[in-house]
Amino acid sequence: MICITGIPGTGKTSLCRMLNLHGIKCTGLNGIAESSGLISDGVVDVDSLASVHIESTVVESHYSHFMKCSHVIILVDDEDVLRRRMELRGYSREKINENLDAQRAQTIYYEALDRIPAGRIFIIEEKSRDLDAVFCDITSILSKINNL
């Protein structure tokens, strides 16, 4: 399973939709966690979710790197852009800063590194590019992974 992750606002869900439109099965983990009753007070029971059978080539969520991933793709973007996106979603200032701090500290990278070798972790720096450009980066990585 290939896991797409990143802090909120990086485009994980939109890119997952694009992958599905192009015939690459991508599943959002939040839907699976919700339908499996694994969300309590907004917190996902990742350990239990990891035992759920997921028939998908690619999964996405801000916690997907905690799953049984063969490879992890981390999306990062410009802080000002992410801040605006999170504000539009109604995130508190505290939560926005917490998420941006996590991106600055590369928390997701180090959490993924605890589970898989560095050579299987890819970071896409979006640099406020449009989703089509980021989608091309993802499909290029997926192509490389499939040829390994």
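1. First, the ground rules. This is a predicted model, where local features need pLDDT of at least 70, side-chain atom pairs count only at pLDDT 80 or more, and totals for chains, interfaces and linings use all residues. Residues are numbered from 1 along each chain as its sequence is written, and side-chain values use heavy atoms, with hydrogens and water left out.

2. On the overall fold: you're looking at 7 helices and 7 strands (DSSP runs numbered from the N terminus, H or I of at least four residues for helices, E of at least two for strands). Starting at the N terminus, the order is β-α-β-α-β-β-α-β-β-α-α-α-β-α. The radius of gyration is 15 Å, close to the 15 Å from the globule rule for 148 residues, so the protein is as compact as a globular protein of that length (taken over C-alpha atoms; the rule is 2.2 Å times the number of residues to the power 0.38).

3. Buried residues account for 43% of the 148 (buried is under 20% relative accessible area, exposed over 50%, partly exposed in between, with a 1.4 Å probe and protein chains only). Of the contacts with a separation of 6 or more, 74% join residues 24 or more positions apart (contact means heavy atoms within 4.5 Å).

4. Now the helix pair. The axes of H1 (residues 12–21) and H7 (residues 131–146) come within 10 Å and cross at roughly 65° (axes are lines fitted to C-alpha atoms over the stretch in contact, with angles from 0 to 180 degrees between N-to-C directions). From H1, Ser14, Leu15, Met18 and Leu19 do the touching, and their partners in H7 include Phe135, Ile138 and Leu142. The residues of this contact split into 8 nonpolar, 2 polar and 1 charged (Ala, Val, Leu, Ile, Met, Phe, Trp, Tyr, Cys and Pro are nonpolar; Asp, Glu, Lys and Arg charged; the others, Gly among them, polar).

5. Have a look at Ser64, in the loop between strands S5 (58–60) and S6 (71–76). Ser64 is buried, at 0% relative accessible area. Leaving out residues up to four places away in sequence, Ser64 touches Cys3, Ile4, Thr5, Leu29, Val59 and Cys69.

6. Asp77 sits in the loop between S6 and helix H4 (79–88). Despite its charge class, Asp77 counts as buried, at 6% relative accessibility. Beyond four places in sequence, Asp77 has contacts that include Arg85, Glu126 and Lys127. Asn99 lies 22 residues from Asp77 in sequence and 12 Å away, C-alpha to C-alpha.
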